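Please look at the sequence and the model below. A short report on some of its helices follows.

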Amino acid sequence: LVLTFTGSPMLRISAIMVGLVVGTIVSMVFGMVDFSRAGEGELIAIPQPLKYGLDFDIGLFLPIAFIFLVTAIETSGDLTANSVIAGQPVKGPLYLRRIKGGILADGVNSALAALFNTFPNTTFSQNNGVIQMTGVASRHVGMYIGGFLVLLGFFPFVGQLFLLIPKPVLGGATLVLFGTIAVAGIRILATQEIDRRKVYIMAVSFGLGLGVTLVPEATQNLPAFLKQVVATPITLAGLSAILLSLAIPETKETTEAVDEPSEDGATA
């Protein structure tokens with residue numbers, strides 16, 4: 001935070017990395033860094049496609065397919081926030097082209113990940129926080145970083161070095177990044193005209209999402225398939241918003257502003 005508001009563009013751009021480095025050094029002084037894992041990774045590793053074979057299980061396919069549907073919704077939100085932070089439009093053909101391209105890239109990346117024996121991936125919303133803090137939203141910078149990440153993927157020991165960073169240090173860095181995501185969401189909502197229908201859709205979705213976060217035991221007794229769907233706040237809130245948007249019709253009454261004065265002067 002100090003480096004972000006010093007006024008120097010270079011210090012602002014490097015603020016997150018400097019924070020991680022300084023935090024790790026301070027943690028070393030207090031003996032919080034475990035160096036025993038530093039040499040565990042291989043020096044060079046070449047990914048082997050379909051190392052564990054190829055199989056299809058309908059019992060696993062259905063829940064994963066639904067989760068992919070919800071992550072597509074999450075990706076749309078991340079890309080919308082990205083557009084807001086980067087000064088890009090959030091409606092019109094350019095916006096829709098960005099959304100379509102982002103979701104397609106998610107699917108292609110996840111397919112490649114499956115071929116190379118790793119987990120599917122989706123947009124990382126904290127990157128919006130990085131853009132907010134550094135002021136850098138250049139697509140060219142993103143391409144260079146992507147190239148570096150592909151290159152570093154061949155050197156597992158580099159990943160082991162990053163695992164040395166203590167969790168409190170990572171928490172300090174991501175605290176601001178997660179917070180900026182929430183702010184971006186508020187900015188998106190602030191651009192919308194919120195009528196009575198949207199109020200209830202948002203209220204129920206927020207309530208359910210926060211509910212499973214604060215009271216995770218609420219889903220303990222559900223069947224395994226259903227639990228995988230509703231135990232995640234993003235999944236549950238997204239599903240709730242979709243179903244309520246389809247179920248609650250748009251009428252003249254629901255599209256009235258929620259703060260419209262009534263005849264006796266009270267708030268409607």
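## Basis of the model

The model is predicted: local features need pLDDT of at least 70, side-chain atom pairs count only at pLDDT 80 or more, and totals for chains, interfaces and linings use all residues. Residues are numbered from 1 along each chain as its sequence is written, and side-chain values use heavy atoms, leaving out hydrogens and water.

## Helix α4

Helices here are DSSP runs of H or I with at least four residues, numbered from the N terminus. Helix α4 covers residues 93-115; its 23 residues should span 33 Å at 1.5 Å a residue, and its end C-alpha atoms are 33 Å apart, which agrees. The expected span is 1.5 Å times one less than the number of residues.

Tyr95, Ile99, Gly102, Asp106, Ser110 and Ala113 are the buried residues of α4, where buried means under 20% relative accessible area with a 1.4 Å probe, protein chains only. An α-helix has 3.6 residues a turn, so residues three or four places apart point the same way. Just after α4, asparagine 117 has a positive phi of about 70°.

## Helices α3 and α11

Helix α3 (residues 58-85) packs against helix α11 (residues 233-247) at an angle of about 80°, with the axes 9 Å apart. The two are therefore roughly perpendicular, a term for angles of 65 to 115 degrees. From α3, Phe66, Val70, Ile73 and Glu74 meet Ile234, Thr235, Leu239 and Ile242 of α11.

Methods: Axes fitted to C-alpha atoms, helices over the stretch in contact; angles between N-to-C directions. Parallel < 35°, antiparallel > 145°, perpendicular 65-115°, else oblique. Contact = heavy atoms within 4.5 Å. Buried < 20%, exposed > 50% of the residue type's maximum accessible area, 1.4 Å probe, protein only.
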